[in-house]
Amino acid sequence: MRYRAVGFDVDGTLVQNVGYCWQTFHERFGVSDKVRGILRRRYQEGRITYRKWGSREIAIWRALG
């Protein structure tokens with residue numbers, strides 16, 4: 001069966017007690033704490049936008065399969 005859409009509850013509105021969803025994704029795909037920290041700092045320092053931060057993290061997940 002092919003799915004037409006997939007939804008993610010990234011802010012905990014629908015699913016409770018999961019923790020921070022981005023952390024869950026990083027753990028699942030094996031993204032290192034170092035890489036996560038680099039991207040987070042770039043966002044916090046204003047070097048990248050929130051949208052670019054998310055896009056780069058998703059690109060890492062795709063590259064990791």
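Author: Let's start with the inside face of a helix: the buried residues of H2 are Arg36, Gly37 and Leu39. Please keep in mind that this is a predicted model.

Reader: Thanks! What covers the buried residues of H2?

Author: The cover includes helix H1 (21-29) and helix H3 (50-63). Read along the sequence, the chain has the pattern α-α-α, with three helices and zero strands.

Reader: How do you know that the span of H2 is close to the expected one?

Author: H2 covers residues 33-44, which is 12 residues. At 1.5 Å a residue, 16 Å is expected from the first C-alpha to the last, and the helix reaches 16 Å. After H2 comes glycine 46, whose phi is positive, near 80°.

Reader: Arginine 36 has a charged side chain in my notebook. What makes arginine 36 count as buried?

Author: Its relative accessible area is 16%. Buried means under 20%, so arginine 36 is buried. This residue is in helix H2, and its side chain makes a polar contact of 3.2 Å with that of aspartate 33. Leaving aside neighbours within four places in sequence, arginine 36 is in contact with Gln23, His26 and Val31.

Reader: What is the relative accessibility of tyrosine 43, and why is this residue called partly exposed?

Author: Tyrosine 43 has 32% relative accessibility.

Reader: Is tryptophan 53 buried or exposed, and how do you know?

Author: Buried: tryptophan 53 has 12% relative accessibility, and the limit for buried is under 20%. Not counting residues up to four places away in sequence, tryptophan 53 touches Leu39, Arg40, Tyr43 and Ile48.

Reader: How many aromatic pairs does the count come to?

Author: The count comes to five aromatic pairs. One of them joins tyrosine 43 and tyrosine 50, with centres 5.7 Å apart and planes at 70°, so that pair is edge-to-face; the cut-off for this label is over 60 degrees. Elsewhere, ring pairs link Phe25, Phe29 and Trp61 into a cluster.

Reader: What makes you say that the charged end of arginine 28 sits over the ring of phenylalanine 29?

Author: The charged end of arginine 28 is 5.3 Å from the centre of that ring. The distance limit is within 6 Å, and the charge must also be within 35 degrees of the ring normal. Arginine 28 is listed as sitting over the ring of phenylalanine 29.

Reader: To finish, how much of the whole chain counts as buried?

Author: Of its 65 residues, 20% count as buried. The chain exposes about 5,700 Å², and carbon and sulfur atoms supply 52% of it.

Terms used: Residues numbered from 1 in each chain as written. Heavy atoms only, no water. Helix = DSSP H or I, 4+ residues; strand = E, 2+ residues; numbered from the N terminus. Expected span 1.5 Å × (residues − 1). Buried < 20%, exposed > 50% of the residue type's maximum accessible area, 1.4 Å probe, protein only. Contact = heavy atoms within 4.5 Å. Phe/Tyr/Trp six-rings, centres within 6.5 Å; stacked < 30°, edge-to-face > 60°. Areas by Shrake-Rupley, 256 points an atom, 1.4 Å probe, with all protein chains shown as cover. Polar contact = N/O pair within 3.5 Å; in protein donor to acceptor, adjacent residues only side chain to side chain.
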